[in-house]
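Dear colleague,

Please find below the structure for your review. A summary of the findings follows it.

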Amino acid sequence: LDGLVEALRAMEPGVDLLGVVAETHTSKEIDTVARKVLGQGVGPFTAMNLTGGNPITRVGLGHYTEKINSWFHCPESLDKAVEEGTAWDVPGRGEKIEIDDAKAKEIGDLLTGAYLGLVTEILDAGLSNVADLEMAVSTSLVINPPFTMMNELGVGTALQRVEGFAERFPGFVVPECLKKQAASDESWTVPVVLSRDVGAARVITIRRPGVLNALNETVFSQLEEAIGAAEADDAVKGIVITGFGVKAFVSGADIGMLSRLKTADEGYENSRLFHRVLDRIEGCSKTVVAAYNGLAFGGGNELAMACHHRIARKGLKILAGQPEPNLGIIPGAGGTQRLPRIVGLEKAWPLLRTGRPFSGDDAQEMGLISEQVDADQLVDRAAAIATGEAGVEITRIQTGPMDVPESMPELDIGHLSKKIDEILQRAILDGARGELAAGLDLESRLFGECVETKDMHVGMETFLTKGARAKAEFTHE
């Protein structure tokens, strides 16, 4: 229904919570508030005009009335619009609709109550679950993800909005799951790391398609929990980590999370959060295989490198890269330490310092991945490798010091920050001279050092305001 029914209800006179006859709201006002409160790209009435959806909606409401409950009966306003073949009066392009605060709040509370009530009713009916509902809404509709929205509002406040709507419009059901969640005084848990078993392998999938499966604190927490559960399960013989969809394995760390860092200590602690989880994966007693289903940048590639073995979907022209220098930072999740140990210092040196991405063929040639597999066979092949059924030898990463030459090749880094490059070189070379654990801690300290440079803030601001392809004007400070 995507807000249409509640919008139509809001246009019809009713009785508000104080027993006062509510003022009729216009379709222009409702469209305007819906965009602001529910985050809709266009308001519900504009959407109906664009799709010619009035007749379909009227038929659908008739079915819902019969199958669910009487609240879904078709409003008179929709009946009239269908019979007369009229379009809704909606805001024109650039038109500003003035609404006083009290009226905007009333409309917003109605829309919110109906939207969240309908979503949790679907949950109550057993038609879906929190994870799938959140993803379906996020990817299919231009509207705020419902469970995240409830967590931001406060689940108790969300319940009040639904109860207010139900009191005003009899027949609307207040879902039991929402009452129970509010009574628990806890936020909804929205799973973004999902687990399933393929034979004796536990397949762990990172699913945040709206941000190309980017890593944030929630992903790390759920990933750490999933790895622990798989390792503790005697029926699980190996583990696979992959991403949802075909575009990205993991696109990297959430830039919003990184841009909020202000001090060296904050940068250090953020990096150590990454390391704690990735060290947990690397130290897992069961073989962990990364299955690159799509591109992996920054923290995504670092996650794959913490796994014991890596394979990729065939034909990826861009598989991976460590683009951190473009953002005015160095890799902070092990990239400066694990990439040289996996592919060799000579090959890692230009990749880390320039941020240049590379293909699946390049990755296989340098030894980052062992093979490329057709998309429909990727997870099954990774599962067979993880459980030992494929007979592939697993060689875990070297943790001791590396041989470091007295000098490394000169390299043109173009527009990139000389200040960040100097820090990056220290991380690569000093880290390689010692044990892996010491190198990872060094990387975290130097990542924190980046946070207090001018160039990190230049890089982040450029990315957030101009996009990933824009070249930051670094000051080298």
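A residue counts as buried when its relative accessible area is under 20%, as exposed when it is over 50%, and as partly exposed in between (1.4 Å probe, protein chains only). T453 has a relative accessibility of 5% and therefore counts as buried. T453 is found in the loop between α21 (436-451) and α22. Leaving aside residues up to four places away in sequence, T453 touches G328, K419, I420, I423 and E477, where contact means heavy atoms within 4.5 Å.

The model is predicted: local features need pLDDT of at least 70, side-chain atom pairs count only at pLDDT 80 or more, and totals for chains, interfaces and linings use all residues. Residues are numbered from 1 along each chain as its sequence is written, and side-chain values use heavy atoms, with hydrogens and water left out.

Helices (H or I, at least four residues) and strands (E, at least two) are DSSP runs, numbered from the N terminus; two strands pair if DSSP finds at least two bridges between them.

An open sheet of 6 strands has the order β1-β2-β3-β5-β7-β9, with mixed pairing. β1 (193-198) and β9 (372-373) stand at its edges with a single partner strand each, so one side of each is left without a neighbour in the sheet. Strands β2 (residues 201-206) and β3 (residues 238-243) run parallel and are joined by 6 bridges; the bridge partner of T205 is T242 in β3. Helix α14 (residues 299-306) lies across β2, β3, β5 (288-292) and β7 (309-313), at about 145° to β5 (axes are lines fitted to C-alpha atoms, for helices over the stretch in contact, and angles run from 0 to 180 degrees between N-to-C directions).

A further open sheet consists of 3 strands in the order β4-β6-β8, with parallel pairing. Here β4 (248-250) and β8 (320-321) are the edge strands, each with a single partner, so one side of each lacks a neighbour in the sheet. β4 pairs with β6 (residues 295-297) over 2 bridges, and V250 stands opposite A296 in β6.

Finally, the lining of the largest pocket includes two or more residues from each of α12 (255-259), α13 (264-282), β6, α14, α15 (324-327) and α22 (454-466). The residues of this lining divide into 19 nonpolar, 13 polar and 5 charged; Ala, Val, Leu, Ile, Met, Phe, Trp, Tyr, Cys and Pro count as nonpolar, Asp, Glu, Lys and Arg as charged, and the others, Gly among them, as polar.

Yours sincerely
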